[in-house]
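Try each task before you read its solution.

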Amino acid sequence: MNLREARALLSDRGFRPGETSTKTFSDGSPYKVEIPSCEGPRVMTAVLEEAKDRGVTVDRVSQGSGVMMLTDGEIEEMLSLGASEGVEVCLFLGPRGSWDIGGQAKVSAAVGGVARGNDQVAASLCDAYRAVELGVRSLLVGDIGVLEIIGQLKLEGELPADLVLKTSVLMPLPNAPTAQLYERLGATSLNVSTDLPVPVLAEIRSVTTVPIDMYIEVPDDQGGHVRFYDVPEIVRVAAPVYLKMGLRNAPNIYPVGAHLAGTAEALGRERVRRAELILRLLAEQDEG
């Protein structure tokens, strides 16, 4: 089979070049803002304060240290802040390969989010059930097997039907067939690989229905790209899309605690400032 024939085969199976997206969020908006690494109530308070000062609407905050690194009280406080400001609170599940005793994750970030063995899968499920019982309705998943099991538990009524399952950047998502697979397994928000060209984003959108979320500024350990001027085209082809603001030249702070509180809060505030910059670009495009 030559490349032309392989492309024709993919096209016959629905994997074709994408075009301008006509999809939106339920409120009609083509994009929303996500602030990642919102590691607890103090960081979330700082993020919301900065957003108010800058006139930035934050739609979702996501946390990376994991449910197991938050007390019940901290989770409840974050949910209260989210409810008062209309912000989705998404918490990461379980232990992960990069914190475990194995060696592969020390040299490859691509396996950093995996659950190593059935015990870590079970621990992820414990995190999920605990979070849901406290009122969390958005979970960040870094392992494909955990995603499938939690997706099945939703279908069986064991977990809430409205539970958001957001794939992590640690689960590589570089193409349309993989995106379609993740959605079929239960993903309701797809965190795509950080270095995808705009046409590939269009291909992914053409075969998926759920929101995409994408780093616009990328942490160094995930590539370090700064794609501000790509944002108008990203929104055009990938809507509905969460514009996710990481930071270059920033320390890895997972897992966060009081020893890193000041750093985490400063990083959160700067992510909001970065969001203000990309929203200016989008407003400029609309005026043009």
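**Exercise 1.** Place Ile216 in the fold and list what it touches beyond its sequence neighbours.

*Solution.* Start with line-up and ground rules: this is a predicted model, where local features need pLDDT of at least 70, side-chain atom pairs count only at pLDDT 80 or more, and totals for chains, interfaces and linings use all residues. Residues are numbered from 1 along each chain as its sequence is written, and side-chain values use heavy atoms, with hydrogens and water left out.

Step 1: find the element. Ile216 lies in strand S7 (residues 212–217); helices (H or I, at least four residues) and strands (E, at least two) are DSSP runs, numbered from the N terminus.

Step 2: check the cover. Ile216 has a relative accessible area of 0%, so it is buried (buried is under 20%, exposed over 50%, partly exposed in between, with a 1.4 Å probe and protein chains only).

Step 3: collect contacts, meaning heavy atoms within 4.5 Å. Setting aside neighbours within four places in sequence, Ile216 touches His225, Val226, Arg227, Phe228, Val231, Ile234, Leu243, Lys244, Met245 and Ile278.

**Exercise 2.** Work out which residues of helix H8 are buried, and what covers them.

*Solution.* Step 1: go along H8 (residues 198–206) and pick out Val198, Val200, Leu201, Ala202, Ile204 and Arg205 as buried.

Step 1: look at what sits over them. The cover includes helix H7 (176–185), S7 and helix H9 (231–238).

**Exercise 3.** Describe how strand S2 is paired and covered.

*Solution.* Step 1: pairing takes at least two DSSP bridges between two strands. Strand S1 (residues 31–35) and S2 run parallel, with 2 bridges, and Glu34 stands opposite Arg60 in S2.

Step 1: check both faces of S2 (residues 60–63). Arg60 and Ser62 are buried on one side, and Val61 and Gln63 are buried on the other.
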